Amino acid sequence: MKGWRIAPTGLGIGFVLMLFALLLIAINFSNNLIFTLCFFLMAAFLLSVWFVIRNMNGIEVVNVRVKPVHLGQKINYQISVKDLVGSDHLYIELNGSDRYFHLPADTTQIWNLDLNADKRGLSLEQPLEMSCIWPLGLFTFKRKIAQLPEILIYPEAQDLAALDQPLSGSAAHSQSEAEELDGLREYQAGDNLKRIDWRAVARRGQLQVKHFDGADGDPSLWLDWNNTQGLDYESRISCLCHWVLECQQAGREFGLRLPAKEIDPNRTGQHTQQCLSELAMMPEEVVS
């Protein structure tokens, strides 16, 4: 029972006061029927404590998975839980969520907990707390069962300014399949799906993309902090975030220039995640 907390609900406090009033009436009038009713309700009161402890005991968290999200979206924690004691677990709440979770006996399930992403940057670990008021709603029992992992919250992507069309002078990898084929490489998230070599997939059993090179390739785009002048600090970050996603969807090679860091042009999914991470970890605006 270490780490468990118990508190009466409003209904539970009212129930205790009613029991006390019934007991006074039974004593005052020496009424056996009221005594019987009072003791019956008291037994139900005590049994509800045992039921809720039994209901919350024997639940183990196997693992917790979560993916980065953008500011304003829902953080989806995928919590794998299993029963250890061979009994059903009903009406479980997690971290004050507005939904109930159930775990049948001798099973393993995935519980999806959605929390608000209300601030960009690194959201630190936080405790995962389980609570329950079943069966009578007289007590709230709470216990910590795991830690929710830290998660990186990307900025909100807002289309606040048009992406400049002039391109930088440094040549990027060609996006046209009319150029000379340089070879194949493994597919990465964010790669242009049109460049997947399906014959190589059939032979090797893994996604391969065609890699072209040459000085005649499309020049790379630079997403520059200075190109967002006129917007406030957080809006500039949101605008750059939108440009990063726009370039990724178009399969464009791009680089990112921030006040304290420059990321060389690339077009891989890993490059996109690196740019989004840098934007997420931008320091808070200093208001003088």
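Let me start with a definition: a nonpolar core here is a set of buried Ala, Val, Leu, Ile, Met, Phe, Trp, Tyr and Cys residues joined through side-chain atoms within 4.5 Å. Buried means under 20% relative accessible area, exposed means over 50%, and partly exposed is in between, with a 1.4 Å probe and protein chains only.

Hi everyone. What you have above is a predicted model, where local features need pLDDT of at least 70, side-chain atom pairs count only at pLDDT 80 or more, and totals for chains, interfaces and linings use all residues. Residues are numbered from 1 along each chain as its sequence is written, and side-chain values use heavy atoms, with hydrogens and water left out.

First, the overall picture. The chain has five helices and 16 strands; these are DSSP runs numbered from the N terminus, H or I over at least four residues for helices and E over at least two for strands. Of its 288 residues, 39% count as buried. For contacts, we take heavy atoms within 4.5 Å. Among contacts with a separation of 6 or more, 64% are between residues 24 or more positions apart. The chain exposes about 16,700 Å², with carbon and sulfur atoms supplying 53% of that; the areas come from the Shrake-Rupley method with a 1.4 Å probe, and for residues only the protein chains shown count as cover.

Now back to that core. Which residues touch the most other members of the largest nonpolar core? They are Tyr-77, Ile-79, Ile-92, Leu-94 and Trp-111, out of 36 residues in the core. Helix α2 gives the most to this core, with six residues. Apart from it lies another core of 24 residues, among them Trp-243, Leu-245, Phe-254 and Leu-276. As a reminder, nonpolar side chains in soluble globular proteins tend to be buried together.

On to the sheets. Five strands make an open sheet in the order β1-β10-β9-β5-β6, with antiparallel pairing; two strands pair if DSSP finds at least two bridges between them. β1 (4-8) and β6 (101-103) stand at the edges with a single partner strand each, so one side of each has no neighbour in the sheet. The twist averages 35° from one strand to the next. Within this sheet, two bridges join β5 (residues 89-94) to β9 (residues 126-132), and Glu-93 stands opposite Ser-131 in β9.

What lies across this sheet? Helix α2 (residues 32-56) lies across β1, β5, β9 and β10 (139-148), at about 10° to β10. For angles, axes are lines fitted to C-alpha atoms, for helices over the stretch in contact, and values run from 0 to 180 degrees between N-to-C directions.

Let's stay with α2. It has 25 residues and reaches 37 Å from its first C-alpha to its last, close to the 36 Å expected at 1.5 Å a residue; that expected span is 1.5 Å times one less than the number of residues. Its buried residues include Cys-38, Leu-41, Phe-45, Ser-48, Val-52 and Met-56. An α-helix has 3.6 residues a turn, so residues three or four places apart point the same way. The buried residues of α2 pack against β1, α1 (10-29), β2 (59-65), β5, β9 and β10. Arg-54 lies in this helix too, but is partly exposed at 42% relative accessible area. Not counting residues up to four places away in sequence, Arg-54 touches Ser-87 and His-89. Arg-54 and Ser-87 are 33 residues apart in sequence and 8.8 Å apart in space, C-alpha to C-alpha.

There is also a three-strand open sheet, ordered β3-β11-β8, with mixed pairing. Its edge strands are β3 (69-70) and β8 (121-123). Three bridges join β8 to β11 (residues 151-154), and these two run antiparallel; Ser-123 has Ile-151 as its bridge partner in β11. Helix α5 (residues 269-280) packs on this sheet, touching β3, β8 and β11, and its direction makes about 85° with that of β11.

Last, some backbone details for the loops. A cis peptide bond joins Trp-134 and Pro-135, with omega of about 10°, and Pro-135 is in the loop between β9 and β10. Asn-95 has a positive phi near 50°; Asn-95 is in the loop between β5 and β6 and is partly exposed at 25% relative accessibility. Asp-106 has a positive phi near 55°, and at 62% relative accessibility Asp-106 counts as exposed.
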